[in-house]
Amino acid sequence: MANRIGCILLALAAGMAAPPLAAQDVAPLPQVASVDAPTLTIDALLANSARQSPQILEALARTRAADAKRLTAEGAFDTVFSAEGGSRLIGYYGGTYADAKVARPIEDWGGQLYGGYRVSNGRFPVYEDKNYTNTLGEIRAGAVFSLLRDRMIDERRFGRVSAQADQAMADAERQMVAIGVQRKALDAYLSWIAAGQRLAIYQQLLSLAQERQRGLRRTFEAGLRPRIILTENEQQLLRREAMVVQSQQALAAAANSLSLYWRDAEGRPTIPRPEQLPRSLPEPVTTTRPDAVQRPDLMVAQLRQRLVQDRLALDRNALLPRLDLQMEVARDMGDIGPGGISRSGNDVRLGVKFSVPLEQRTARGKLMQTQAELDANRTRAQWLDEQIRAEIEGIAITLDATARLISLSEQEKQRADDMAVAERRRFDMGASDLFLVNTREDSAANVALSLLDMRLRRIIAGADLAAASGDAEKLGLQ
């Protein structure tokens with residue numbers, strides 16, 4: 001009887017050295033203070049990724065190219081200065097002339113405003129009579145207006161509208177790329193933290209087995225346990241060591257993947273160190289379900305639809321006849337020149353120009369093509385809008401279900417931890433065996449891993465909702 005009591009006391013002393021697998025012991029990782037490697041937070045990662053990611057920098061370069069393209073399109077409305085002159089060096093006539101003109105396109109009527117000055121000296125043949133001016137030359141101003149074709153839209157204005165649309169689409173695509181990059185950065189960051197949390201769980205399991213092995217060895221050396229019990233626990237110890245090694249490998253792989261989104265000042269990938277791991281998972285990204293979807297890819301689809309509508313207007317413009325109105329006022333100055341008195345006084349001119357193609361097959365064909373493209377773009381934009389709304393609703397369903405599953409998993413984990421602690425006590429009292437103890441501990445660890453996955457799923461769903469709804473602020477882009 002005394003031997004039995006001694007055995008129980010020794011076993012109890014050995015078992016009490018192993019701490020229970022409680023929630024607070026499993027989830028947090030031990031924090032190593034380091035000045036050179038501070039904790040890597042989610043805000044720091046997203047800010048670094050938004051600033052240094054090559055995909056985002058590439059998209060920014062494409063945006064600058066679109067800005068330059070718009071500036072090029074604006075060049076169609078630049079003011080143009082032109083000048084010409086000539087003189088007969090040998091021959092019967094010895095006239096010399098010079099003519100300068102400044103023209104400015106009219107943006108709303110498809111024509112132009114212009115003004116000029118010309119001056120001549122000497123004599124010209126009759127077929128060049130228009131070169132004559134008075135001694136101080138002639139000043140003139142005029143305007144050309146498109147009354148039918150090119151009045152509402154023309155190639156220049158469509159080129160500007162197209163460049164503006166390209167600029168807006170490039171900016172929207174930049175936002176879309178940035179959202180995608182930030183979403184991938186979040187995935188890599190969460191995978192890294194989750195790998196560290198799993199490593200902590202397996203290290204705690206290994207610690208329990210190591211403490212138990214030391215206690216069992218003491219009881220074996222005291223002659224109170226058979227050697228086979230040491231061998232059985234050693235088998236479990238080796239299995240848990242293998243789990244720790246695999247988890248360390250997974251953590252290193254996750255850190256390597258995260259380095260693509262965590263870069264130094266020169267933009268080089270930097271592998272985060274284990275001591276930079278946060279103590280727990282970050283708070284879930286909270287985004288409310290939007291009433292109206294403003295995602296960049298939907299904005300691109302809508303911009304393309306508007307651009308096709310403008311091209312449709314341009315194609316309809318090509319079916320119109322051309323009717324241009326020209327007005328000009330001119331006045332010669334100075335004494336009467338060789339051209340005679342007919343140049344004196346004010347000269348006011350008014351004219352029209354009309355033309356119409358007799359066949360419109362090219363214009364009609366382009367109009368039909370553009371109309372079909374418009375219908376296709378309208379259907380595509382509608383489908384994309386419906387798809388995004390369904391995606392957001394699906395993520396919301398996942399969030400609601402995950403919140404309930406987390407609550408159940410937390411309760412299950414508490415029960416599993418209690419069962420593991422109770423089973424260790426029964427083993428210490430000699431009322432259980434090593435197989436049951438290991439089974440209870442493995443079950444508690446599996447429940448802890450399941451709870452970790454549930455929490456991770458909730459955070460991922462929140463990030464998915466922010467990306468699906470185009471919430472740039474939640475993804476560190478504002």
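How many bridges pair strand E2 with strand E3, and in which sense? Strand E2 (residues 96-105) and strand E3 (residues 112-121) are joined by ten bridges in the antiparallel sense. Strands pair if DSSP finds at least two bridges between them; helices (H or I, at least four residues) and strands (E, at least two) are DSSP runs, numbered from the N terminus.

This is a predicted model, in which local features need pLDDT of at least 70 and side-chain atom pairs count only at pLDDT 80 or more, while totals for chains, interfaces and linings use all residues. Residues are numbered from 1 along each chain as its sequence is written, and side-chain values use heavy atoms, with hydrogens and water left out.

**Sheet**

The order E1-E2-E3-E4-E5-E6 describes an open sheet of six strands with antiparallel pairing. Its edges are strand E1 (80-87) and strand E6 (346-355), each of which pairs on one side only.

| Strands | Bridges | Residue pair |
|---|---|---|
| E2 and E3 | ten bridges | Thr-96 and Asn-121 |
| E3 and E4 (residues 138-146) | seven bridges | Tyr-117 and Ile-139 |

**Aromatic pairs**

The structure holds three aromatic pairs, defined by ring centres within 6.5 Å for Phe, Tyr and Trp (its six-membered ring), with planes under 30 degrees apart called stacked, over 60 edge-to-face and the rest tilted. One of them joins Phe-124 and Tyr-132 edge-to-face, at 5.3 Å centre to centre and 85 degrees between the planes. Phe-124 is buried because its relative accessibility is 5%, and Tyr-132 is buried at 4%. Here buried means under 20% relative accessible area, exposed over 50% and partly exposed in between (1.4 Å probe, protein chains only).

Tyr-189 and Trp-192 form a tilted pair, with 6.2 Å centre to centre and 45 degrees between the planes. About one helical turn separates Tyr-189 from Trp-192, because they are three residues apart in helix H5 (residues 155-221). Tyr-189 counts as buried at 2% relative accessibility, and Trp-192 is buried with a relative accessible area of 1%.

**Partly exposed residues**

Leu-320 is placed in the loop between helix H7 (296-317) and E5. Its relative accessibility is 35%, so Leu-320 counts as partly exposed. Ser-450, in helix H9 (residues 434-468), is also partly exposed, at 32% relative accessibility. Ser-450 and Ile-406 lie 44 residues apart in sequence, and their C-alpha atoms are 9.1 Å apart in space.
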